[in-house]
Amino acid sequence: MVFFPLLGIPFLFMVPRGKEHLTRWVAVAAAAVPMVAAIYLYQHFDPNWGVKNGNSGLQFIEHAVWVRSFNIEFYMGVDGVSVMMVILTALVCLIAVGASWSVPLERSIRGYFTMFLLLETGMMGVFCALDFFLFYVFWEVMLLPMYFLIGIWGGPRKEYAAIKFFLYTLAGSVLMLLALIALYYNSAPTYLVDGTPASHTFDILKMAYANSYANVPPILGMNFARLVWVGLFIGFAIKVPMFPFHTWLPDAHVEAPTAISVILAGVLLKMGTYGMMRINFPILPEATTWASVGVAVFGVINILYGALCAMAQKDLKKLVAYSSVSHMGYCLLGMAAFTGTGMSGAMLQMFNHGTITSMLFMLVGVIYDRAHTRGVDEFGGVAQVMPVYAAFFGLAFMASLGLPGLSGFISEALVFLGAFPVFKVMTILAATGVIITAGYHLWAIQRIQLGPFNPRWESALKGHDMDRREWATLLPLAAIVLVLGFYPTPVLDTIKTGMGDLVNLLAHGQGAASIAGLP
Amino acid sequence: MTGLSNVASLYWFSPESVLTAGILVILVWDLVVRGVSRRTAGLLTLLTLAAMLVATFVTHDPRPRGLFGGLIARDPFSDFFKILFAVTTAIVGIMALRAKDAIDYDDGDREAGEFFALALSVTLGMNLMAASTDLLLAYLSLEFVSIMSYIMSGFTRRSRRSAEASLKYVIYGGVASGVMLYGMSILYGLAGTTDLVKIRLAAQHANPVAVFAAVSFCMAGFGYKIASVPFHMWCPDVYEGAPTPVTAFLSVGPKAAGFALLIRFFAGAMPAEIQTESLMGGAPWALMLACMSAVTMTLGNLAAIPQQNLKRMLAYSSIAHAGYLLMGFATGTAEGRGAVMFYLIAYLLMNLGAFLVVLAIAEAGLGESIDDYKGLGYRSPYHAAVLAIFLISLTGVPPMVGFVGKFYLFAALINKGGSMFIALAVLGVLNSAVSLYYYARVLKAMYLDQPARSEPVLVARQHTLLLAPLAGFTIAFGLYWSPVYNWVVGSLAMWLPQAQAATAQLLR
């Protein structure tokens with residue numbers, strides 16, 4: 001499943017010259033296969049399978065020895081958390097291929113889709129990998145396609161944005177590399193999957209359940225677990241992006257082509273929070289407890305700061321980008337609470353934000369393709385000429401600001417419910433963020449959709465409401481947003497066992513929550 | 001120390017004998033036919049190297065031996081480097097077949113015989129460097145390599161840059177080897193012998209300050225060969241001025257040989273506590289090496305950022321890579337040495353590859369400055385793609401072999417532990433992030449900038465063909481490197497603790 005997109009690449013190059021439009025359909029097919037696989041995965045996923053059932057709560061496991069001399073294994077599998085992320089990735093990628101129609105054919109479209117599919121493989125791999133080394137490889141594999149996608153097919157300041165993104169994330173991930181090596185060397189002896197003994201392990205689950213890093217001697221005069229935790233956390237926080245590491249995001253989002261902004265916001269940001277849930281929390285629970293207040297504080301800063309920045313933006317895409325910063329703050333806050341509700345809320349927020357923000361970026365793309373500008377103040381009264389567009393626009397913005405009945409509300413409410421018992425003041429502060437959020441969303445709707453129609457766009461917009469392709473890409477997302485707004489149970493059910501295990505682990509420390517069925 | 005007698009040694013010395021014979025054949029042929037064609041000379045060179053490899057494999061034996069009364073060691077470690085050098089020379093030989101700045105082929109190939117004979121001579125010298133267990137031979141082989149390299153870097157007689165490069169190289173080299181010789185003479189004075197193992201025994205009882213001073217002086221010579229700060233000043237000028245195949249050769253071959261000698265010197269000559277421990281009981285070797293490494297990689301990376309000439313940029317990047325390698329070496333553990341050796345393989349593939357692309361593009365009529373690479377991704381997609389692979393690998397991003405090499409280096413540091421090594425590792429990874437910036441400048445020029453002209457770039461066929469395996473292995477070893485690492489570990493086996501006692505017995 002992870003490597004399906006790669007299989008599509010040779011086909012891209014088989015498309016004859018002069019028929020480049022076919023490459024798009026090849027890409028659609030290559031992205032559709034993982035989508036089908038993801039649905040299959042969801043259908044056959046047993047939501048009640050937890051740590052106590054064995055296999056450390058994982059399902060659909062692929063396990064083999066990769067590099068024996070360093071005890072590196074090829075180990076993949078999913079639990080409730082990753083299954084939702086895999087579905088999100090498959091969905092967003094498929095939609096993003098649809099949004100890639102606006103990439104001009106003559107700008108080496110083959111290269112574009114090659115990079116695109118490579119990126120999808122990297123993202124899928126990150127969400128499925130259970131060997132830390134493998135995780136890291138996939139994590140890094142993504143950087144390069146992203147650099148080229150922004151750098152070649154991006155907007156006017158693409159070069160600056162691309163290198164900034166690349167440098168930021170690489171700087172974060174090399175710290176993660178050191179932390180990864182340190183964890184490896186302090187892990188207990190174990191056995192590889194084929195039964196050969198190994199002195200150390202990269203297996204994330206064994207690191208989590210069969211090792212305790214609380215008593216490792218200090219390094220650099222600091223507590224080992226905490227130092228490693230911080231190293232990992234910075235790596236993930238840059239991806240989230242958490243204040244003060246967020247400055248790459250507005251540049252990258254604004255300059256990237258629409259489809260890539262969709263992927264960046266829809267999936268890439270979630271890798272940061274997913275990484276924290278998958279790596280930081282279970283492997284170093286003591287350090288996580290130590291740092292929880294800090295995470296929550298940064299979460300609140302993200303919410304407020306992102307919202308205030310968004311309010312000040314003149315560029316619609318930048319506004320959406322800062323709203324992502326703000327919304328990821330909810331995830332951080334929910335995670336930091338360690339309550340089942342808060343964690344589930346954070347997870348649901350990851351999924352919902354993935355769908356909502358994808359819609360937002362697509363909608364920005366729709367109007368940009370027509371008007372070739374994104375200035376919030378330059379429009380007005382668009383609803384009069386593009387009613388369908390305005391309807392989708394309104395739906396997405398309302399979902400993003402957390403209107404009850406749409407999916408964004410549920411997850412934000414869960415986050416607040418979960419966080420309130422733990423961090424009272426901060427939750428109240430964060431809740432004021434909702435007001436600011438509502439403020440800038442409504443203001444943006446007002447400036448763009450309502451008021452007198454700006455005659456400057458007479459020819460560009462009038463009679464050019466959304467076409468069928470845009471319908472097809474936005475409709476599934478809108479449907480998900482609506483359905484999850486009323487009935488979030490499918491997602492919550494899927495993640496509940498995995499989340500329950502994680503909360504257990506954090507509450508009782510390592511050892512207590514283990515170890516049913518570990519080899 | 002006795003080792004094997006001269007006659008008994010000959011069998012084990014056969015790879016070097018074959019190499020010497022090859023050099024003589026090329027020289028004599030060149031004299032007889034008055035200027036051998038570059039094809040013939042190149043073919044003879046490849047044949048010689050192949051014969052040397054065959055001899056190496058036939059006489060390979062996992063047990064170490066001392067040859068010629070203990071002057072030279074024949075062990076898996078020296079075999080490892082023999083193979084490394086042979087591959088390097090072979091690749092450089094193929095590069096030079098079509099490189100106007102090395103052998104001016106419009107001029108009737110007059111220098112071809114000399115060029116290839118010199119390249120093989122350097123290989124011979126490097127083989128001896130990696131194998132020498134005696135101070136005298138270490139010095140002689142190092143000088144042998146140096147002198148041949150001076151001639152090679154000045155090979156384009158009509159180019160002023162090339163002559164300047166050669167002269168700079170000679171002057172720095174002369175000073176460095178003079179200082180090293182002084183250090184060696186102090187060691188001889190302390191120990192009364194030039195045999196590394198005996199020096200090791202004697203140094204345990206000698207005045208530690210004297211030992212430290214002597215070895216620091218010796219480091220001047222080694223540091224010069226591997227181009228580490230503060231002995232790096234020759235490097236950018238020589239790399240920029242020398243013919244590109246020679247630059248590629250110098251950036252990989254002698255650097256690897258320098259590390260081989262360094263490993264042998266420290267593992268063989270220095271008392272155990274000197275290898276690892278701190279002040280006065282031994283001497284602060286680890287600290288000294290760590291400082292050298294930190295300064296080397298930082299300076300190399302920072303200086304590479306503003307470079308406009310790609311060759312010069314790669315020169316600074318090779319200084320930075322010497323810093324990474326020193327980082328692994330500074331740990332003094334077998335794991336660290338293994339990481340250094342693995343990294344050398346990775347470095348061979350990616351650095352030779354990068355220089356080969358530079359050469360191929362220069363031969364096709366474009367320049368060597370980064371601006372000349374604008375839009376190469378559209379004018380010559382294949383060459384741009386492989387250069388991208390090499391540069392990404394040099395940065396250390398998976399799934400390339402450069403990442404695996406760096407991973408082992410950092411793993412060695414973290415496993416060694418201690419504040420100093422962990423701080424060094426942090427500095428090392430941050431340096432990797434810095435290096436991304438200047439490598440990405442080339443990527444940007446190739447893909448993000450529009451070409452000034454759009455016609456495709458015509459590149460010599462042998463260069464194009466040779467790039468495929470280099471790029472292929474760069475990726476393949478990045479995905480599955482077990483065999484390579486096992487080979488490295490096998491070559492190091494004699495320095496693993498349990499083997500060490502046995503080795504000492506055998507060498508005696």
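How much area is buried between chain A and chain B, and what share of it do carbon and sulfur atoms give? This is a predicted model, in which local features need pLDDT of at least 70, side-chain atom pairs count only at pLDDT 80 or more, and totals for chains, interfaces and linings use all residues. Residues are numbered from 1 along each chain as its sequence is written, chains are lettered from A in the order in which they are written, and side-chain values use heavy atoms, with hydrogens and water left out.

**View 1. The interface of chain A and chain B.** The area buried between the two chains is about 3,200 Å², and carbon and sulfur atoms give 81% of it; buried area here is the accessible area (1.4 Å probe) that two parts lose on being put together, summed over both. The contact (heavy atoms within 4.5 Å) takes 34 residues from chain A and 37 residues from chain B.

**View 2. A salt bridge across the interface.** The rule, a side-chain nitrogen of Lys or Arg within 4 Å of a carboxyl oxygen of Asp or Glu, finds 1 salt bridge between chain A and chain B. Lys444(B) pairs with Glu159(A) in this salt bridge, with the closest N and O atoms 3.9 Å apart.

**View 3. Helix α2 of chain B.** Helices are DSSP runs (H or I, at least four residues), numbered from the N terminus. Among the residues of α2(B) that are buried are Leu19(B), Ile23(B) and Ile26(B), where buried means under 20% relative accessible area (1.4 Å probe, protein chains only). Just after α2(B), Arg34(B) takes a positive phi of about 55 degrees.

Definitions and conventions
Buried < 20%, exposed > 50% of the residue type's maximum accessible area, 1.4 Å probe, protein only. Helix = DSSP H or I, 4+ residues; strand = E, 2+ residues; numbered from the N terminus.
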